Amino acid sequence: MIDRNFLDWPFFEERHRTLAKRLEIWAAQHCEHVDHRDVDAACRALVQKLGYDGWLRYSAPGDEPLEGIDVRTLALIRETLARHSGLADFAFAMQGLGAGPISLFGTAAQKAQWLPKTRSGTTIAAFALSEPAAGSDVANISTTARRDRDAYILDGEKTWISNGGIANLYVVFARTGEGPGAKGISAFIVRGDNPGLSVAERIETIAPHPLARLTFKDCRVDANDLIGAGGEGFRIAMATLDVFRTTVGAAALGFARRALAETLKRARSRALFGAPLSELQMVQGHIADMAIEVDAMALLVYRAAWTKDTGAERVTREAAMAKLYATEAAQRVIDTAVQIHGGDGVRAGHAVETLYREIRALRIYEGASDIQKIVIARSVLSSAAGR
Ligand SMILES: Cc1cc2nc3c(=O)[nH]c(=O)nc-3n(C[C@H](O)[C@H](O)[C@H](O)COP(=O)(O)OP(=O)(O)OC[C@H]3O[C@@H](n4cnc5c(N)ncnc54)[C@H](O)[C@@H]3O)c2cc1C
């Protein structure tokens, strides 16, 4: 019951359509019955399976000829996985986001050391930027990294770190002081078992994923573990998010498509007042609204992905629009799905109840909706000033 006509849109090439079909079969086999009782174990198993069967190869391209980051592929994979399992999407996405700074800005040696492992699923990756006092105000981070001969020593705290506690590789952003604010931040590779790195707290959320607050105390990393040049950390973080923000929209789209599919199934099979629910005109009105929002999300998500893939250096405005609209609209679509399911919509473990919990954090992380609006408005205003 999933509408797959969008794959015929001109944003895609034949390789995307083939990949989407293959992944659909794989996800139906491997992602429908994920055991959420132990999210760490479930996440480790998913990373391993995604790696073993070759899907993580797309999460962070290496140095092979003709290989570059392909946002349409990332988005199609996230959309498909999210439709089957939020945790499977999370496992895939974090391998990409965690390894992203290395894939995009790492040296040949860093890529050779880490990417084969994140792409095979033998190393779990994390992206450690946020701090207790610096979430939206990310240029305000206070974790420090001071140079000590051939090393850097990290001190500070990171929070809301996805895969925190189970990751073997953390890309950590810390203040090195080359300049004020955003100009004085650098990115480092920190191993999960690096002395001085510890898990201060595991954080539980409404849709459980491995998540932690981390402390760094005299955490010594080799100077070769600096990614890019000193002071380039903010640019590295923003360029990585520029790629992955669109894919957050894709995950929201996957959740919304699943909510619509569950709603259609329910509306056709549930009889009320002597007829199927789907014959009530008010229900039809809801279904029309849901279908329009799903298509609008897909158009914005794949427009942003296509724009990046076809050569735009930055897609800040397109990615912000895709993320903002898709996450907000998915919340509305899923809320309607819960409503049309009646009591079953809030029954613990029901597909739409799970979606209702899964979607919420997407409107907050990788730039809350309010921040996306600011980004879009600034871009529109500056384009207007240039005309
Ligand atoms: C499930 C989850 C997973 C995460 N994973 C990671 C991860 O892997 N790595 C990582 O580094 N971080 C991660 N984060 C952190 C995430 O990026 C931050 O939570 C987010 O940036 C918001 O920061 P904050 O929580 O400190 O909220 P705050 O910065 O305190 O913002 C609170 C709210 O204020 C509003 N707001 C903020 N600024 C403005 C503004 N300028 N104008 C108008 N309104 C504004 C927004 O509504 C925002 O939601 C994760 C968060 C969650 C919830």
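How much space lies in the largest cavity? The volume is about 40 Å³, taken as the space filled by probe spheres set on grid points joined across faces, edges and corners. A cavity here is a set of points, on a 1 Å grid over the protein atoms alone, where a 1.4 Å probe fits but cannot get out, and lining residues have an atom within 4 Å of a point. This is a predicted model, in which local features need pLDDT of at least 70 and side-chain atom pairs count only at pLDDT 80 or more, while totals for chains, interfaces and linings use all residues. Residues are numbered from 1 along each chain as its sequence is written, and side-chain values use heavy atoms, without hydrogens and water.

The lining of the largest cavity includes Ile2, Phe6, Ala20 and Arg83. Its residues divide into five nonpolar, one polar and three charged. Helix α3 (residues 71–84) gives the largest share of this lining, four residues; helices are DSSP runs of H or I with at least four residues, numbered from the N terminus.

The largest nonpolar core has 72 residues, and Leu81, Leu154, Tyr170, Phe173, Phe188 and Val190 have the most contacts inside it. Such a core is a set of buried Ala, Val, Leu, Ile, Met, Phe, Trp, Tyr and Cys residues joined through side-chain atoms within 4.5 Å, where buried means under 20% relative accessible area (1.4 Å probe, protein chains only). Helix α4 (residues 86–105) contributes the largest share of this core, nine residues. A second, separate core of 37 residues includes Ala20, Ala75, Ala250 and Val352.

How values were computed
Buried < 20%, exposed > 50% of the residue type's maximum accessible area, 1.4 Å probe, protein only. Helix = DSSP H or I, 4+ residues; strand = E, 2+ residues; numbered from the N terminus. 1 Å grid on protein atoms, 1.4 Å probe; cavity = no way out; pocket = protein on both sides within 12 Å on 5 of 7 lines; lining within 4 Å. Nonpolar A, V, L, I, M, F, W, Y, C, P; charged D, E, K, R; others polar.
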